[in-house]
Amino acid sequence: MNRIKADIAIIGGGAAGMMAAAALSYELFAKNGQNNVHIVIIEKEARVGRKLLKTGNGRCNLTNSGATAADYSGSFDIADFLDVNTPTELIAYFAKLGLICKSDAENRVYPISNSANSVLDVLRNNYLSYGVAEYCNNVVSSIDYQKQSYIIKTDSNIFEAATVILATGSCASVNFSKENIYSLPKALGHNISKINPGLSPIQANSKILSGLKGIRCNCKVQLKEQNNVLATEYGELQFAENGLSGICIFNLSNRIHNAENPKVEIDFLPNTTAQDFAKILCNRAAKFAALTIDELFFGILNKRIGMAILKTCKIGDFSRKLGALTKKETEKIANCTKAFSVDVSRPQSFAKAQIAIGGVIGSEISSKTMQSTLHGNLYVLGELIDCNGQCGGFNLNFAFSSAVVAAKSIAEKYN
Ligand SMILES: Cc1cc2nc3c(=O)[nH]c(=O)nc-3n(C[C@H](O)[C@H](O)[C@H](O)COP(=O)(O)OP(=O)(O)OC[C@H]3O[C@@H](n4cnc5c(N)ncnc54)[C@H](O)[C@@H]3O)c2cc1C
């Protein structure tokens, strides 16, 4: 067992941990020309930044220039945080480190190279050139505060550091249990809120949906508990093996965990009213009276979606002629097209989730410095905190920005 002394130990070499190292390098060394603070990154995987490389389908949607507090949920004071730490500031900070970004029509910001590797390279090149040491293949199994120092144990090393940055992320999409992730802040006295999978597909228990697998369509989706609307999203819905997927569904999944008997209601034609659509159906039933009912949706919706709507409406024999459709039936079909209701269950698995909802209770972390309210020399960053963003760059925005804030606060202690 090696004993390694450091001034600052960063636990977790993911988005937040790597940005903390790069920003500390910038604030302490590049800016002042000093290089006398020993910083280590301790990472359980063989390489840092594995999850980062998967983000944005390998393109890394690193922030969203339109981010507001409404894009987040959880107990952390994100409104106060975003007041000072805007996405524009983060993009400018990345530029100082050498990363050039571009934005799309929905305010999603990516590296101009369109590659997550560029983000990883920029962060690593910055901190490695200023002497930050990486310790990979080191799973932190315990942390303890003794005599003004943190003692951090892994299989092969014992680290001792005056300041610790906890940036271990979450149990979403990794082979690491909830207990492993949250035992470290717990050991230092922090409380953890309930942890659930977020930004995840939603399972639906419907035979009718099984015929729709692989179809994508643009629509409006609402998460409902009885008649209450819990969340509304617009975008591309994807019918998957056992349920619903796509960014709009991922966003609904963040709000599902407290819902009793949740339902997702799909509006396949969000730009038309049910009344207008009933009239359209009536007209085409008259005009194409000789066609069979299963042709009703031609030119409007995917045929399989049309069949699912007709089955749900219990229209009966599909070989009937369109001319035989009654006004009542067209109204029923129009209403079902506008409010196609699917019984869904709460996501349980973290494997397909992009984030975990919940984490270190937000009131225990300062939104001004990311300092723990329990320990003066402990900083907690990123997804480990109960601060959950929607899809679109909001989670990386928080991981990166929280790291910059902590680095600036720590650097002040050394200046
Ligand atoms: C497929 C996918 C795509 C995504 N795409 C986007 C996107 O485009 N935009 C966006 O904003 N968000 C995206 N996210 C979410 C985003 O990746 C996370 O919110 C973000 O990475 C959180 O950063 P973090 O540094 O807090 O945690 P992480 O990036 O998860 O880093 C934590 C690090 O700590 C290490 N670690 C954990 N426990 C220990 C331990 N005990 N000892 C040592 N090391 C430990 C982990 O191995 C990991 O390297 C995506 C997530 C997934 C899964």
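**Close-up views of salt bridges and the domain interface**

**View 1. Lys-338 and Asp-267 form a salt bridge in the predicted model.** The N to O distance between the two side chains is 2.8 Å. Lys-338 belongs to helix α11 (residues 327-338), whereas Asp-267 belongs to strand β16 (residues 262-267). The pair thus joins distant parts of the chain, 71 residues apart. Both Lys-338 and Asp-267 are buried.

**View 2. Glu-160 and Arg-3 pair across two strands.** The closest N and O atoms of this salt bridge are 3.9 Å apart. Because Glu-160 sits in strand β10 (residues 157-166) and Arg-3 in strand β1 (residues 2-11), the pair ties together parts that are 157 residues apart in sequence. Arg-3 has a relative accessibility of 58% and counts as exposed, the cut-off for that class being over 50%.

**View 3. Arg-3, Lys-5 and Glu-160 make up one salt-bridge network.** One of its links is the bridge between Glu-160 and Arg-3.

**View 4. Arg-108 and Asp-104 meet through their side chains in a salt bridge.** The N to O distance is 3.0 Å. Arg-108 is buried, at 18% relative accessible area, and Asp-104 is partly exposed, at 27%. The two residues fall in separate classes because buried means under 20% relative accessible area. The salt bridges of the model number 17, among them the pair of Arg-108 and Asp-104.

**View 5. The chain is assigned two domains, domain 1 and domain 2.** Domain 1 is made up of two segments, 2-196 and 354-414, and domain 2 spans 201-348. Taken over C-alpha atoms, the domain centres are 41 Å apart. Domain 1 brings 9 residues to the contact and domain 2 brings 7 residues.

**View 6. The interface of domain 1 and domain 2 buries about 740 Å².** Carbon and sulfur atoms give 45% of this area. On the side of domain 1 that touches domain 2, there are 4 nonpolar, 4 polar and 1 charged residues. Between the domains, 3 residue pairs are in polar contact, while the number of salt bridges across the interface is 0.

Note on methods. Residues are numbered from 1 along each chain as its sequence is written. This is a predicted model: local features need pLDDT of at least 70, side-chain atom pairs count only at pLDDT 80 or more; totals for chains, interfaces and linings use all residues. Side-chain values use heavy atoms; hydrogens and water are left out. Domain bounds come from an automatic or database domain assignment. Contact means heavy atoms within 4.5 Å. Buried area is the accessible area (1.4 Å probe) that two parts lose on being put together, summed over both. A salt bridge is a side-chain nitrogen of Lys or Arg within 4 Å of a carboxyl oxygen of Asp or Glu. A polar contact is a pair of N or O atoms within 3.5 Å; within protein, one must be able to donate a hydrogen and the other to accept it, and residues adjacent in sequence count only if both atoms are side-chain atoms. Ala, Val, Leu, Ile, Met, Phe, Trp, Tyr, Cys and Pro count as nonpolar, Asp, Glu, Lys and Arg as charged, and the others, Gly among them, as polar. Helices (H or I, at least four residues) and strands (E, at least two) are DSSP runs, numbered from the N terminus. Buried means under 20% relative accessible area, exposed over 50%, partly exposed in between (1.4 Å probe, protein chains only).
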